[in-house]
Amino acid sequence: MLILPIERRWLNMILSGEKKDEYREIKPYWTVRIIHWLGFPGNDEKVTKSVLELLRTQGTIKALPVILRNGYGHNSPEVEVMCKLSIGPGKEEWGAVSGKEYYRFHIEEIGRMAGIEKEDTESKYEGKSGK
């Protein structure tokens, strides 16, 4: 399972349905993890190039589970979401830099939550930030 640390304000926006995508920079750290998450060997440069090109041109067809975690501890609030993945520009209002490409996790469905109640997200997380 892929775990993405996320700031509370972005998590709150996702839970409320306002934010539909989560972004990660295209860097070796995330590339290796994403390639493995998609089920490919991460040490084959040809495979990695092919997968990245596919993500740029069409993205994934099937949604896969991802954990969005607000913090690094085992008791940190988290939510499991089903995501499709592509590479492309993000929305500035959702934290992206204009003109920059990202791994874009398109949130299709919100599932299991731990340490957080959906009804309490606005009051519990409003105005707080941090990872």
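How many bridges join S3 to S4, and in which sense do the two strands run? There are six bridges, and the strands run antiparallel. That pairing sits inside an open sheet of five strands, ordered S1-S3-S4-S5-S2, with mixed pairing. Strand S1 (2-5) and strand S2 (21-25) take the edges with a single partner strand each, so one side of each goes without a neighbour in the sheet. Ignoring direction, neighbouring strands are turned by 40° against each other on average. All of this is read from a predicted model.

Confidence is worth a quick look before going further. The pLDDT averages 88 over the chain, and 88% of the residues score at least 70. The stretch 122-131 is another matter, with pLDDT below 50, although it has 24 contacts in the model beyond near neighbours in sequence. Where pLDDT is low, the predicted coordinates should not be read in detail.

Back to the strands. S1 pairs with S3 in the parallel sense over four bridges, and here Ile3 stands opposite Ile67 in S3. On the antiparallel S3 and S4 pairing, Leu64 faces Cys83 in S4. S3 itself is mostly covered, with five of its six residues buried. Arg24 is found opposite Tyr103 in S5.

Next come the helices that lie across the sheet. Helix H1 (residues 8-16) lies across S2, strand S3 (64-69), strand S4 (78-89) and S5, and runs at about 65° to S5. A run of H1 residues is buried: Trp10, Leu11, Asn12, Met13, Ile14 and Leu15. Just past the end of H1, Gly17 takes a positive phi of about 90°. Helix H3 (residues 45-57) lies across S4 and S5, and its direction is at about 90° to S4.

Three aromatic pairs turn up in the structure. One of them is Tyr23 with Tyr102, a tilted arrangement at 5.6 Å centre to centre with 40° between the planes. This pair ties together distant parts of the chain, with Tyr23 in strand S2 and Tyr102 in strand S5, 79 residues apart. Tyr23 and Tyr102 are both buried. Another pair, Trp37 with Phe105, is also tilted, at 5.7 Å centre to centre and 55° between the planes. Again distant parts of the chain are linked: Trp37 belongs to helix H2 (residues 28-37) and Phe105 to strand S5, 68 residues apart. Trp37 and Phe105 are both buried too.

Arg33 lies over the face of Tyr29, 3.5 Å from the ring centre. In a second case, the charged end of Lys91 sits over the ring of Trp94, at 4.4 Å from its centre.

Technical notes
Residues numbered from 1 in each chain as written. Predicted model: local features only at pLDDT ≥ 70, side-chain atom pairs only at ≥ 80, totals over all residues. Heavy atoms only, no water. Pairing = 2+ DSSP bridges. Axes fitted to C-alpha atoms, helices over the stretch in contact; angles between N-to-C directions. Contact = heavy atoms within 4.5 Å. Buried < 20%, exposed > 50% of the residue type's maximum accessible area, 1.4 Å probe, protein only. pLDDT = per-residue confidence, 0-100. Phe/Tyr/Trp six-rings, centres within 6.5 Å; stacked < 30°, edge-to-face > 60°. Lys NZ or Arg CZ within 6 Å of the ring centre and 35° of its normal.
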